[in-house]
Amino acid sequence: MLTFTIRRLFMAIPTLLFISLIIFLILDLAPSDPTASLPLTIPPEVRAEIRASLGLDEPIHIRFALWLQQFFVNEPLNLIEQWTGLTIGDGDRTRVISWQTRSPVVDIIAQRMPQTLWVVGTAYVVGILIALPIGIYSAYRQYSIFDQAGTFITMVGFSVPPFFSGVLVIVIFAVQLGWFPSVYDTTHVVVDWDSFVVQLKQMILPVMVLALQITSQISRFMRASMLDNLNQDYVRTARAKGLTESVVVMVHVLRNSMIPVVTVIALGVPQVFGGAIITEQVFKVNGLGHLLIGAIQGGDIPTVQTLTFIFAVLIVLFNLIADVLYGILDPRIRYD
Amino acid sequence: MLDGAQPSVLDVKDLKTVFKTRRGEVHAVNNVSFHLKAGELLGVVGESGSGKSVTMMSLIGLVPAPPAVVSGEGVYFEGQNLLTATDDELRAVRGARIGFVFQDPMTSLNPVFNVGFQLMEPLRKHMGMSKAKARVRAKELLELVGIPDAERRLKDYPHQFSGGMRQRVMIAIALACDPKVLIADEPTTALDVTIQAQILELMKDLRDKLGMAVVWITHDLGVIAGIADRVLVMYGGQVVEHAPVRELFANPKHPYTRALLETVPHVRGERAERLEVIEGQPPILRAHPTACPFRDRCDKAFDRCARENPSRYPVGPVHDVACFWDPETGGARDV
């Protein structure tokens with residue numbers, strides 16, 4: 001398993017280099033101009049100089065190599081310096097700079113990441129924790145009233161888009177009942193119990209909207225996987241051994257049913273980091289999804305490129321994690 | 001019942017199982033009665049769909065209910081009526097005093113747990129053994145069923161065993177708590193012939209060694225001839241003939257039994273013979289049978305067979321048959 005993991009990690013390097021090239025080439029096709037948002041009073045020749053100073057008049061392979069150097073050498077070195085307080089070299093390195101804000105992209109991402117992880121991450125965890133028991137019980141009592149109700153609710157959760165459900169919960173809980181705020185305050189800092197309660201309150205609505213979607217998806221998977229296994233012969237064997245239903249279902253069936261579900265859950269984690277673009281917009285959560293959509297609209301190529309590439313890294317990484325988990329859960333799968 | 005000399009370890013009286021589904025009822029087991037004496041090997045034969053397995057699953061609460069509804073006069077096991085027992089009481093019997101071996105060893109073991117875990121489960125549940133004690137016993141059990149290198153094999157997963165070895169593991173699980181009765185549901189059907197013979201030998205050995213009673217469900221008359229003491233022939237969810245094994249083969253009374261015996265191909269003799277078959281399909285009983293379920297495929301059937309369902313008439317000391325036709329006279333039975 002260890003050699004498999006190491007081998008896969010090495011194989012990820014060419015994969016990611018290739019992905020970065022594709023992202024670079026596609027974004028290069030975008031007709032955006034880093035000077036477009038500058039005041040109109042700047043004369044064209046100055047604009048050309050600004051572009052030249054950003055290295056944009058270089059041929060494409062030089063620009064790609066420069067980006068590689070910035071992202072894979074300069075940024076990591078900078079991170080190490082920040083974390084350890086050491087100084088490596090002369091410290092004069094070109095970082096990946098956002099065209100919109102003129103600050104390093106990685107710093108902006110580091111600022112935005114906590115909001116996304118708080119809201120989307122919590123929703124993901126909550127969604128899974130609700131989905132698994134629902135899926136298990138729906139399958140165990142297939143076609144019961146609980147199962148039918150669960151099917152109906154998950155259908156709703158699947159089919160209602162967050163720009164509708166988000167506005168709906170705002171109207172109900174923020175406007176009519178006034179229980180929770182409709183806008184997520186990014187500047188809120190948790191220092192004591194009271195501020196923690198405020199944080200919880202402002203998280204509830206976006207988490208609710210996202211968790212509905214996640215619960216719908218995962219509980220369907222869980223139910224289907226449980227149903228696949230409940231009719232297997234080994235379940236009859238377990239019952240014939242005189243085991244209680246809880247052991248039969250929660251040990252024998254569940255362990256088998258979790259194999260595909262864990263994969264789905266692991267593959268969904270990169271989406272957590274990717275943020276929930278629409279939900280973040282509805283609740284004004286200043287997260288990564290918000291950042292990405294703003295960068296796309298502003299033609300901020302370095303930000304879009306960096307974010308997209310980080311998502312690619314996460315997807316590759318969690319694919320590997322899913323494969324490793326698969327091997328741990330299913331003894332029939334051995335990678336060595 | 002017919003011979004009351006020895007007490008029965010298992011006594012099934014008038015067992016009925018009905019599956020109530022959305023698309024109607026299926027009467028899978030209809031008034032089945034039989035008994036099983038300590039140390040005896042009872043063969044149960046019949047085609048697929050004759051209700052053999054469902055009968056055995058029903059008496060210990062292994063059919064899914066709903067849709068199944070199990071009723072009857074009683075299933076007496078060591079003085080306890082299993083039909084009126086609670087789920088907890090049934091669980092205390094299953095896997096402890098009644099063991100099961102199922103047909104397909106490829107799918108009957110849980111693929112994600114090692115065989116040691118699966119073997120230790122009943123030991124820890126029913127015998128209250130500690131993990132260490134259960135491990136020692138599990139190793140003994142694997143040795144008992146003839147798995148070499150038992151200590152190491154406990155850590156192996158089912159997919160690391162061959163089909164025959166997996167069936168041995170299944171048998172070890174069934175035997176874990178020294179059951180009084182072992183129900184073996186076509187345990188050799190999924191295995192190839194040489195492995196079948198090994199498993200048969202093993203079962204005979206174990207029966208002699210451990211002295212448990214065995215119910216052996218099969219559709220293979222050759223297996224029955226080699227292993228059983230008494231035989232139940234089932235058709236349409238009911239027992240159509242019951243006799244000691246020699247008697248059954250020498251002197252079959254029911255037209256279905258006779259037809260079954262004729263379908264066994266002969267190795268000796270003329271080769272040009274076509275294989276004998278029983279034409280038609282066993283019935284799916286949508287209602288409780290009020291006529292003989294075999295009449296449509298029976299060449300001896302007459303008008304009474306369509307009006308009445310025959311009960312089991314004694315024709316010998318331990319021999320009874322559910323048929324209106326009498327092979328002795330070649331005419332209707334005087335009942």
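1. Two strands count as paired if DSSP finds at least two bridges between them. Strands (E, at least two residues) and helices (H or I, at least four) are DSSP runs, numbered from the N terminus. With that in hand, L42(B) stands opposite R230(B) in β10(B). Strand β3 (residues 41-45) of chain B runs parallel to β10 (residues 230-235) of chain B, and 4 bridges join them.

2. This is a predicted model: local features need pLDDT of at least 70, side-chain atom pairs count only at pLDDT 80 or more, and totals for chains, interfaces and linings use all residues. Residues are numbered from 1 along each chain as its sequence is written, while chains are lettered from A and ligands numbered from 1 in the order in which they are written.

3. In chain B, 8 strands form an open sheet with mixed pairing, in the order β7-β8-β9-β3-β10-β11-β13-β12. β7 (98-101) and β12 (313-316) of chain B are the edges; each has a single partner strand, so one side of each lacks a neighbour in the sheet.

4. Helix α8 (residues 193-210) of chain B has 18 residues. Its buried residues (20 or more other C-beta atoms within 10 Å of their own, C-beta atoms being placed from the backbone) are I199(B), M203(B) and L206(B). They cover an arc of only 70 degrees around the axis (taken from the directions from the helix axis to the C-beta atoms), which puts them on the same side of α8(B).

5. The face of α8(B) turned away from that buried side carries V193(B), T194(B), D208(B) and K209(B). These are exposed (12 or fewer such atoms). Just after α8(B), G211(B) takes a positive phi of about 70 degrees.

Definitions and conventions:
The expected span of a helix is 1.5 Å times one less than its number of residues.
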